[in-house]
Protein chains: 2
Amino acid sequence: MRKMKLIIAYDGTDFSGFQRQTGLRTIQGTLEETLSRILDEDIVVEGSGRTDAGVHALGQVCHFVTSKPVPVERFPYILRHTLPRDLIVVASEEVAMDFHARKSACWKTYRYQVETLPVPRLHMRRFAYHYPVHELNLNAMIKAAEYLVGTHDFTSFCSAKTEVENKIRTIYDIKVTEEDNFRYVEVTGSGFLYNMVRIIVGTLHEVGKGKIKVENIPSILYACDRQTAGSTFPPEGLHLVEVGYEERN
Amino acid sequence: MRKMKLIIAYDGTDFSGFQRQTGLRTIQGTLEETLSRILDEDIVVEGSGRTDAGVHALGQVCHFVTSKPVPVERFPYILRHTLPRDLIVVASEEVAMDFHARKSACWKTYRYQVETLPVPRLHMRRFAYHYPVHELNLNAMIKAAEYLVGTHDFTSFCSAKTEVENKIRTIYDIKVTEEDNFRYVEVTGSGFLYNMVRIIVGTLHEVGKGKIKVENIPSILYACDRQTAGSTFPPEGLHLVEVGYEERN
């Protein structure tokens, strides 16, 4: 048996999220069906984590085990013509059997894209949230983001539906930037709770608009109450950019 | 009654072309349904011309007549939230009653985008044809394009299914360029026959690959036989960029 690691990219718009669900078009389901057909054996694909319906990826990582002697570097080419157009295999690599896409992951980077032009551009319509608000205080957003960096209980920044017990996570870095009519919020962390990045982005925008004060961020964290943070930004702006497998120091 | 001119952009991927067809999702049909609902009267939309299934537009022009006193500049905003995400009204203008989106048009520019990277980029997957052929002779393509500029019978460069009698058209300009892993073929002309731009682009690529010689282009034009020209490139690379209403000299 051999273990294959794939780096995949997808346009999440027309998928019901990453995780396999009977009767729904999902990334995991599509990969498993396609690989099982090509390799003529039952393939189980494990991802580094789920992404929600409508969320995209540039560098999602997954693995699977196969008994077949297909050269690993062939997978991107074989899959180019068998996967649907909104799901691409960017790279493939044979890995040790103890590698696990989710359990071995040390950190992830997500980027949220907001388009700020009055009229949205067509080819970014699926990949950015169109939110043409001007007079946004970028410096306040950057300062608020600094309060979120570090190890905190992020209960206020995850969906109230989250069932995970331990809501302590580490954020290593948040970058808030503007360039060419886009605003980007890039968050790197040890792991993320349900809707966490989208709530962070929504909250930072409310800081930018002056609806939430920068110096209130610590008390929002402390409250451990979803009601205290800002709104959840929509999925179309969110991209899983990279999954890291080396420890950060 | 007032006449409104709209400049529209669309992602043609999920449309069955511009022209209204019962039971199919088309650009004309979607605009007519939406405008009729908003304005509460039967609206007929006329475009500058049809685009095929899968072909995109950045600057398609259309017009319609309404009895309602909606300020013309409101249309892009009103339609932003009522049209589907893959159809955008870029600009609106009230025009004289004798303006006609198709009959008044003097020229059109189409751009064809070919992506040349080995692995296609996700967000351009709907908007470019992925054709990673290297060793293409760009100068030969540019020289071949020069033979096509001018007034010619373009029978060899249109689908054999074309029913139009007069196949004489004028091409004002063809630009073949490469930039940032894309190759662009931009064609400006008085009007275009069915599949004409896609066959021009296919033929120029066969010249680039050395399968058709530059100096054979005049005899292909002269043959008036579709079999003599190159293949029809797929629709996803084609964009209607601009429609002009002033005479070219």
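**A walk through a two-chain predicted model**

In chain A, the side chains of D86(A) and R25(A) meet in a salt bridge, with 2.9 Å from N to O. This pair links distant parts of the chain, since D86(A) lies in the loop between α2 (75–80) and β4 (87–95) of chain A, while R25(A) lies in the loop between β1 (2–10) and α1 (27–39) of chain A, and the two residues are 61 residues apart. Side chains of opposite charge can pair when their charged atoms come close. Over all chains the structure holds 24 salt bridges, and it should be kept in mind throughout that this is a predicted model.

Chain A is divided into domain 1, which covers 2–95, and domain 2, which covers 107–244. The centres of domain 1 of chain A and domain 2 of chain A, taken over C-alpha atoms, are separated by 27 Å. Where these parts meet, 17 residues of domain 1 of chain A are in contact with 16 residues of domain 2 of chain A, and the area buried between domain 1 of chain A and domain 2 of chain A is about 1200 Å², with carbon and sulfur atoms giving 52% of it. On the side of domain 1 of chain A, the residues that lose the most area to domain 2 of chain A are D52(A), H56(A) and L58(A), which together account for 39% of what that side buries.

The charged and polar pairs between the two domains can be counted as well. Between domain 1 of chain A and domain 2 of chain A there are 3 salt bridges, and D52(A) forms a salt bridge with R198(A), in which the closest N and O atoms are 3.6 Å apart. Across the same interface, 10 residue pairs are in polar contact, both residues being at pLDDT 80 or more. The residues of domain 1 of chain A that touch domain 2 of chain A divide into 5 nonpolar, 8 polar and 4 charged.

Although P235(A) and D52(A) are 183 residues apart in sequence, they are 7.4 Å apart in space, C-alpha to C-alpha. Leaving aside its neighbours within four places in sequence, P235(A) is in contact with A53(A), G54(A), V55(A) and R198(A); R198(A) is also the partner of D52(A) in a salt bridge.

The next step is from one chain to the pair of chains. Chain B can be laid on chain A with an RMSD of 0.0 Å by a turn of 180 degrees and a shift of 0.0 Å along the axis, which is the relation of a two-fold axis. Among the residues of chain B, H123(B) comes closest to the rotation axis, with its C-alpha at 3.5 Å. Because 100% of the interface residues of chain B are also interface residues in chain A, the copies meet through the same surface.

At this interface, 25 residues of chain B are in contact with 25 residues of chain A, and the two chains bury about 2000 Å² between them, 64% of it on carbon and sulfur atoms. In chain B, the residues that lose the most area to chain A are R85(B), L122(B) and R125(B), together 37% of what that side buries.

Charged pairs are found between the chains too, for 2 salt bridges cross the interface of chain B and chain A. D14(B) forms a salt bridge with R126(A), the closest N and O atoms being 3.8 Å apart. The count of residue pairs in polar contact between chain B and chain A is 4, with both residues at pLDDT 80 or more. The elements that give two or more residues to the side of chain B that touches chain A are β1 (2–10) and β4 (87–95) of chain B, and the largest share, 3 residues, comes from β4(B). By class, that side of chain B has 13 nonpolar, 3 polar and 9 charged residues.

Technical notes. Residues numbered from 1 in each chain as written. Chains lettered and ligands numbered in written order. Predicted model: local features only at pLDDT ≥ 70, side-chain atom pairs only at ≥ 80, totals over all residues. Heavy atoms only, no water. Least-squares fit on C-alpha atoms with pLDDT ≥ 70 in both. Contact = heavy atoms within 4.5 Å. Domains from an automatic or database assignment. Buried area = accessible area lost by both parts, 1.4 Å probe. Salt bridge = Lys/Arg side-chain N within 4 Å of Asp/Glu carboxyl O. Polar contact = N/O pair within 3.5 Å; in protein donor to acceptor, adjacent residues only side chain to side chain. Nonpolar A, V, L, I, M, F, W, Y, C, P; charged D, E, K, R; others polar. Helix = DSSP H or I, 4+ residues; strand = E, 2+ residues; numbered from the N terminus.
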